Amino acid sequence: MERIVALAGLLFAVGCWNPGGAADEISVACLIPNEEHISCTWSKKGTPRFNYTFHSRLRRLQNYTECPLYLQKGGYNVGCQLPYTSNLKFYTLYARLAAGNSSAAWETGIELNGLVVLSPPHNVTLKVSSSSGPWLYWNVSSKVHCVESQVRYRNGDDAKWQVSKTIRAPFEYKAPLLSTELRAAFQVRARISMFCGKSKHWSKWSPTLSWESTRPAPRACAAFTSALSPLILIGWLAPVGGFLIG
C-alpha cells in the first residue's frame, strides 16, 4: 500500500547524495507539521535503483535508531515519520541514509529550528457593528504567545489581495470599512514567532471567509431616481409653458 505525506510544497533541502549515478541523486528535507511529528523525505531523479533505510539520533553520543515509520511510494521508502515532543525544534537531527544493503551511508545534521509548519488558523469570524466597524477574529493551533499572523483581504471582484502587517496576540484585526456596494473576502495564516524559535514557513491560508452586505445597493436607488427625473421636469415646465403661450 502506498503511503506518502503531502508537505504543502514546503521542503528544506539539507544536502544531496548520489550513490548510484544520476538516476539516484538524493536530497533530504524535514518539516515539523503543527508540532505533531517530524517528517523527513528524500527526493530522487529518475527511477531509483535502491530502497533506502533511514537512521537518526538527536545527540552525537546517542546510537542511531532506524526509522519507526517509513513513508512509501511504489514499494520504495521515500520518507520517515519520527515522533516529536516539546522543544525538539531546538535540536539538531543527525540523519543517516543508506542505499539497500550497501555499507556506504550518507550522513548530515539537520537544524530543526525554523521547520515548524502550523495548521491554518481556525474559527475565523467577522463582527460588524455601527459603533466600532468591522473586526476579524481567529484562533491558532499553538500557544498564543508563540504565534504571529497575517490577514489578507480583497473587495468585490478584485483579483489582488491586500496583506496586513504581522499581528501578534490578541488575534484581532480591524478590517477596512466595508462598502454596501461590495463583497469582501478574508483569509488568515500563522507561523511560530521569534519568541519561540521563529519558523521559516507560514501555514497555508485559512478557508476564505466571505462577507456581503444585506443592505440594498445604492445604485438601485440611483437608477430609480434617474427614471423619474424626466417626469418631474415635464410637470414643472407645463405651467411655465402655459403662461408663456397665454
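## The S13–S14 hairpin

Strands S13 and S14 form a hairpin with six residues between them. Gly156, in the turn, has a positive phi of about 55°. S13 covers residues 147-155, and S14 covers residues 162-163. Strands here are DSSP E runs of at least two residues, helices are H or I runs of at least four, and both are numbered from the N terminus. The two strands run antiparallel and are joined by two bridges. Two strands count as paired if DSSP finds at least two bridges between them. Arg152 has Val163 in S14 as its bridge partner.

This is a predicted model, where local features need pLDDT of at least 70, side-chain atom pairs count only at pLDDT 80 or more, and totals for chains, interfaces and linings use all residues. Residues are numbered from 1 along each chain as its sequence is written, and side-chain values use heavy atoms, with hydrogens and water left out.

## Other partners of S13

S13 also pairs with strand S17 (residues 183-192), in the antiparallel sense, over nine bridges. Arg154 stands opposite Ala185 in S17. Strand S15 (residues 167-168) pairs with S13 in the antiparallel sense over two bridges. There, Glu148 stands opposite Arg168.

How enclosed is S13 by the rest of the structure? Seven of its nine residues are buried, so S13 is largely enclosed. Buried means under 20% relative accessible area, exposed means over 50%, and partly exposed lies in between (1.4 Å probe, protein chains only).

## Salt bridges

The chain has four salt bridges. Each one is a side-chain nitrogen of Lys or Arg within 4 Å of a carboxyl oxygen of Asp or Glu. Two of them involve Glu148. Its side chain meets that of Arg168 at 3.4 Å, N to O. This pair links S15 and S13, 20 residues apart. The side chains of Arg191 and Glu148 meet at 2.7 Å, N to O. Arg191 lies in S17 and Glu148 in S13, so this pair ties together parts 43 residues apart in sequence. Shared partners join Glu148, Arg168 and Arg191 into one network.

Arg191 is buried at 14%. Arg168 is partly exposed at 39%.

## Backbone exceptions

Most residues other than glycine have a negative phi, and most peptide bonds are trans. Asn34 has a positive phi of about 55°, and Glu35 has a positive phi of about 60°. Asn34 lies in the loop between strands S2 (26-33) and S3 (37-44), and Glu35 is in the loop between S2 and S3. Asn34 is buried at 15%, while Glu35 is partly exposed at 23%. Glu35 also forms a salt bridge with Lys89 (3.1 Å, N to O). Lys89 lies in the loop between S7 (76-83) and S8 (92-99), so the pair ties together parts 54 residues apart in sequence.

A cis peptide bond joins Ala169 and Pro170, with omega about 0°. Pro170 is in the loop between S15 and S16 (172-174).

## Core and whole chain

The largest nonpolar core has 45 residues. Such a core is a set of buried Ala, Val, Leu, Ile, Met, Phe, Trp, Tyr and Cys residues joined through side-chain atoms within 4.5 Å. Those with the most contacts inside it are Trp42, Phe54, Leu97, Ile110, Leu136 and Trp138. S17 gives the most to this core, with five residues.

The chain has one helix and 18 strands. Buried residues make up 38% of its 246 residues.
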